[in-house]
Amino acid sequence: GLSPAGDSGARAWPSAAAAGPGTAAPGGGAAAAGSVSPWDIALCATGTAVAGENALVLAVLFYTPSLRAPMFLLIGSLALADLLAGLGLVANFAVRYLLRPPSEAAELAAAGLLLAAFSASVCSLLAITVDRYLSLYNALTYHSERTLGFTCAMVLLMWLLCLGVGLLPLLGWNCLRDQSSCSILRPVTKDNAAVLAVTFLLLFALMMQLYLQICKIAFRHAQQIAVQHQFIATAQATSTRKGLSTLSLILGTFALCWIPFAIYSLVADSSYPAVYTYSLALPATCNSLINPIIYAFRNPDIQKSLWLACCGCIPSTFSSRPRTSSDV
């Protein structure tokens, strides 16, 4: 049977003390009783789905020579981050329930993997936003300035920074020696969780500002094209509505998945019922499940590669119209 993992709190999710009545505890009492929290099962299943979906994106990008532009490198970075996040969720489950005897180093490593992966995921989303902004703001010089080598260097720098964040729990930035300092996500301390949450909210505010600027530039470009080519008003309105729907999908999904969890991380600590943390953490992890749909599978080039890989053909109804600035 499953033996208890101890009360050290060295895990990326709440411990038994915070589980509350009627909730299977993920870190202590539940494991001791041989039961598994259904929340942990849901997180592990989500992680498995996230890993599989993003592995498909990476395989398409890797085996399609035409998908080597800087934009696809950023999509690949996002897919890799989400893939590692999914594997981190599975590893966290395995370390808590399957690893015997318990290993403090393994628990800290699993927590560090989750921190690094989700940090890289959010930073990759920001990088994609900046790339979209620059492609519109510097439309004439974008392709000459944004070379593949420059993008690779920026992505590598971003990943080194995120890996540094992931190493913090292993380097002593944890609450193993002071349980009262634990946040809702052990072994991260309350102070460190607050810093991460505030940083995330600032990054989201920056993304929102950039997308507002993208929207303004796209509308201006659409109006200029309409005047130059004398397009009918309905065509411009359709393109504008598509751009607005894309913006709403991107920002709305990101906000709904992450903002509640980030705010809760600021106000709560390990004494709060675990069910609250789980109910907010699960939607946040689902963002990595939605990212491939928004950023990869909606891309015409990736769609074409998927059709060729799956059935060796391209549907006659497939549209290969190039993206325009109005599409955002």
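The axes of α3 and α4 come within 8 Å and cross at roughly 160 degrees. That makes α3 roughly antiparallel to α4, because angles over 145 degrees count as roughly antiparallel. The crossing of these two helices, α3 and α4, is left-handed. Which residues form the contact of α3 with α4? They divide into 20 nonpolar, five polar and three charged. All of this describes a predicted model.

**Salt bridges**

Side chains of opposite charge can pair when their charged atoms come close. How many salt bridges does the structure hold? The structure holds two. The table sets them out.

| Salt bridge | Distance, N to O |
|---|---|
| R96 and D40 | 2.7 Å |
| R177 and E104 | 3.6 Å |

Take R96 and D40, whose side chains meet in a salt bridge. R96 belongs to helix α3, residues 70–97, and D40 to helix α2, residues 38–63. The two residues are 56 residues apart, and the pair links distant parts of the chain. Is R96 buried or exposed? R96 has a relative accessible area of 2%, so R96 is buried. D40 has 3% relative accessibility and therefore also counts as buried. The cut-off for buried is under 20%.

Now take R177 and E104, joined by the other salt bridge. R177 sits in the loop between α6 (148–167) and α7 (190–229). E104 sits in helix α4, residues 104–137. The partners are 73 residues apart in sequence, so this pair ties together separate parts. E104, at 36% relative accessibility, counts as partly exposed.

**Annotated regions**

The UniProt entry, which is unreviewed, carries the annotation "transmembrane region".

Over residues 105–128, the chain is 100% helix and 0% strand. The end C-alpha atoms of residues 105–128 are 34 Å apart. Over residues 148–173, the chain is 77% helix, again with 0% strand. There the end C-alpha atoms lie 36 Å apart.

How values were computed. Residues numbered from 1 in each chain as written. Predicted model: local features only at pLDDT ≥ 70, side-chain atom pairs only at ≥ 80, totals over all residues. Heavy atoms only, no water. Salt bridge = Lys/Arg side-chain N within 4 Å of Asp/Glu carboxyl O. Helix = DSSP H or I, 4+ residues; strand = E, 2+ residues; numbered from the N terminus. Buried < 20%, exposed > 50% of the residue type's maximum accessible area, 1.4 Å probe, protein only. UniProt positions renumbered as here; feature names shortened; annotations may be inferred. Axes fitted to C-alpha atoms, helices over the stretch in contact; angles between N-to-C directions. Parallel < 35°, antiparallel > 145°, perpendicular 65-115°, else oblique. Left-handed = near helix turned anticlockwise from the far one by under 90°. Nonpolar A, V, L, I, M, F, W, Y, C, P; charged D, E, K, R; others polar.
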